[in-house]
Amino acid sequence: MDNSVATTADDAHHDGGRAPGAFLLIGLLLVAAFVVILNETILSVALPTLMVDLDISAATAQWLTSGFLLTMAIVIPTTGFILQRFALRAIYIAAMSLFSGGTVIAALAPGFEALIVGRIVQAVGTALMIPLLMTTILNLVPERSRGKTMGLVSIVISVAPAIGPTVSGLILQSLSWRAMFWIVLPFAVLALVLGGVFIRNVTEPRKAHLDYISVPLAALGFGGLVFGLSSIGESASGHAPIPPWLSLTVGAAALALFVVRQLKLVDRGRALLDLRTFAVGPFRLAVILMACLMLSLFGALIILPIYLQTVLGKDVLTTGLVLLPGGLVMGLLAPGVGALFDRWGARPLVLPGTIALSIGCWILATLDENSSIALVITAHVIVSAGISCGLTPLMTSALGSLPPELYSHGSATVSTVQQVAGAAGTALFITMMTRGTESALGDGAEPVVAAADGVHTAFLVAAVLSLVLIAAAAMVRSPKPAVPAEVGDRLKKVSQ
């Protein structure tokens, strides 16, 4: 370990300042994370094109996004072990190498199957990067300044996927979908080289145990639930390979077994995910709300490009530009929201944020084949502003409420839930859209009108769910600097 960096990090916590080398380290991690997370949604605008080029349905094409997110959800639980067992620099190099390799595979993919493989390899690298970034911040940034720093993380986690459609729209206007990967590749390689030169270790690797039974249980649990949600949409068009109820049942059962096993292993220090984090009330509530926000974000980002191109007949460049204002709003608000969190706490920001999200969802639920571009932009900006106001305070509140020994597991848990929610949102929205479209076609509607009905169905479900989100946001409280005694007692009971 680099003792000089470790020492300055410890000194920073004592004097309330940031470690002298922390700015460069966190800056590099933020840039690298932005590059890899951008790819979560970069294909969303390209889905209609890929459906034609690869001869696949919308329900199949959405796996290029939800499969990416699902892979991350499967890998991220292992990062609690990885972050303890290996040095930061080695993890960073592995993450960026995997991402770069996956990008090459996707760019050269001859068909859908190879493209999925490339996306999965990309996702493994991305999955390592997010908890690495969060854990580094928790170790280097003092508590009173975390809101501002987490605001920068929110830019990465929310704005990168939000502007993914805009980036892909600009590229697809004159180039093929393969160019989206070739253009990203140099940035990924540059981040890999710079990280290899400048990144130093700020944590001490220690012996850790990886439970090999928990990994497949997590994969089967998360994968079964997301696959089941996706299959509902495919069954509407008669193409579901497995009955949705079977996938959902297997997923729920595997997830229950995963939870039981983690609780049994935690007292031996061998849990893949230390679920004692959920014994902390602020963490538990914040994670649930974050899941809902990510579900809404990715659901909107997958449906709106399809709506703009299929229903309104817009080209890929226009589609990308329509979604740009929302992404910019998220980026502009995130740092300010982080600073306000440091002063006010979570609730004064989260509650207005969920109300804004709900208003935006209800506006989106009114879209039809005659809606204007201005209405789409307005609704998307409102949704984006709401998510931005909620995500940073919730993420900071969740992780800040944990004791230091649970930081790595808390980061892994937050990241896992976010990606599962994103994958579930993608599958759920596509499912609702598909079923709404098929129902309208069955009633004799024209294809464009039927597609508009499907979009309406998807956003109506989101609007109804947003009302529940507002009620939950009213219960948010700001975390205290230290874990209360009663929570400590509950942590002990859970581990017994």
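# Burial, cavities and salt bridges

Visitor: What share of the 496 residues counts as buried?
Guide: Buried means under 20% relative accessible area, exposed means over 50%, and partly exposed lies in between (1.4 Å probe, protein chains only). Of the 496 residues of the protein, the buried share is 58%.

Visitor: What kind of model is this?
Guide: Residues are numbered from 1 along each chain as its sequence is written, and side-chain values use heavy atoms, without hydrogens or water. Local features need pLDDT of at least 70 and side-chain atom pairs pLDDT 80 or more, while totals for chains, interfaces and linings use all residues, because this is a predicted model.

Visitor: How many helices and strands does the protein have?
Guide: Both are DSSP runs numbered from the N terminus: helices are H or I with at least four residues, strands are E with at least two. The count is 19 helices and zero strands.

Visitor: What percentage of the contacts with a separation of 6 or more joins residues 24 or more positions apart?
Guide: A contact means heavy atoms within 4.5 Å. Among contacts at a separation of 6 or more, the share from residues 24 or more positions apart is 84%.

Visitor: Which helices each supply at least two lining residues to the second largest cavity?
Guide: This cavity holds about 30 Å³ of space. Its lining (residues with an atom within 4 Å of a point) is Ser 296, Ala 300, Cys 361, Leu 364, Val 383, Phe 429, Phe 459 and Ala 462. The helices with at least two lining residues each are helix 13 (281-311), helix 15 (347-364) and helix 18 (447-473).

Visitor: How many charged residues are in that lining?
Guide: Ala, Val, Leu, Ile, Met, Phe, Trp, Tyr, Cys and Pro count as nonpolar; Asp, Glu, Lys and Arg as charged; the others, Gly among them, as polar. The lining has seven nonpolar residues and one polar. The charged count is none.

Visitor: Asp 211 forms a salt bridge with which residue?
Guide: A salt bridge is a side-chain nitrogen of Lys or Arg within 4 Å of a carboxyl oxygen of Asp or Glu. The structure holds two. In this one, the closest N and O atoms are 2.7 Å apart, and the partner of Asp 211 is Arg 261.

Visitor: Is Asp 274 buried or exposed?
Guide: Asp 274 meets Arg 276 in a salt bridge, 2.7 Å from N to O. Arg 276 is partly exposed at 21%. Asp 274 has a relative accessible area of 6%, so it is buried.

Visitor: Which residues does Ala 473 touch, not counting those up to four places away in sequence?
Guide: Ala 473 lies in helix 18. Its relative accessible area is 0%, so it is buried. Its C-alpha is 8.9 Å from that of Pro 352, 121 residues apart along the chain. The residues that Ala 473 touches are Leu 289, Arg 347, Val 350, Leu 351 and Thr 354.

Visitor: What is the C-alpha separation of Pro 404 and Leu 138?
Guide: Pro 404 is in the loop between helix 16 (373-400) and helix 17 (407-442). At 56% relative accessibility, Pro 404 is exposed. Pro 404 and Leu 138 are 266 residues apart along the chain, and their C-alpha separation is 8.3 Å.

Visitor: What value is phi of Asp 55 near?
Guide: Asp 55 is in the loop between helix 3 and helix 4 (58-61). Asp 55 is exposed at 69%. Its phi is positive in a residue other than glycine, near 55°.

Definitions and conventions: On a 1 Å grid over the protein atoms alone, a cavity is a set of points where a 1.4 Å probe fits but cannot get out, and a pocket is an open set with protein on both sides within 12 Å along at least five of seven lines; lining residues have an atom within 4 Å of a point. Grid points are joined across faces, edges and corners, and a volume is the space filled by probe spheres set on the points.
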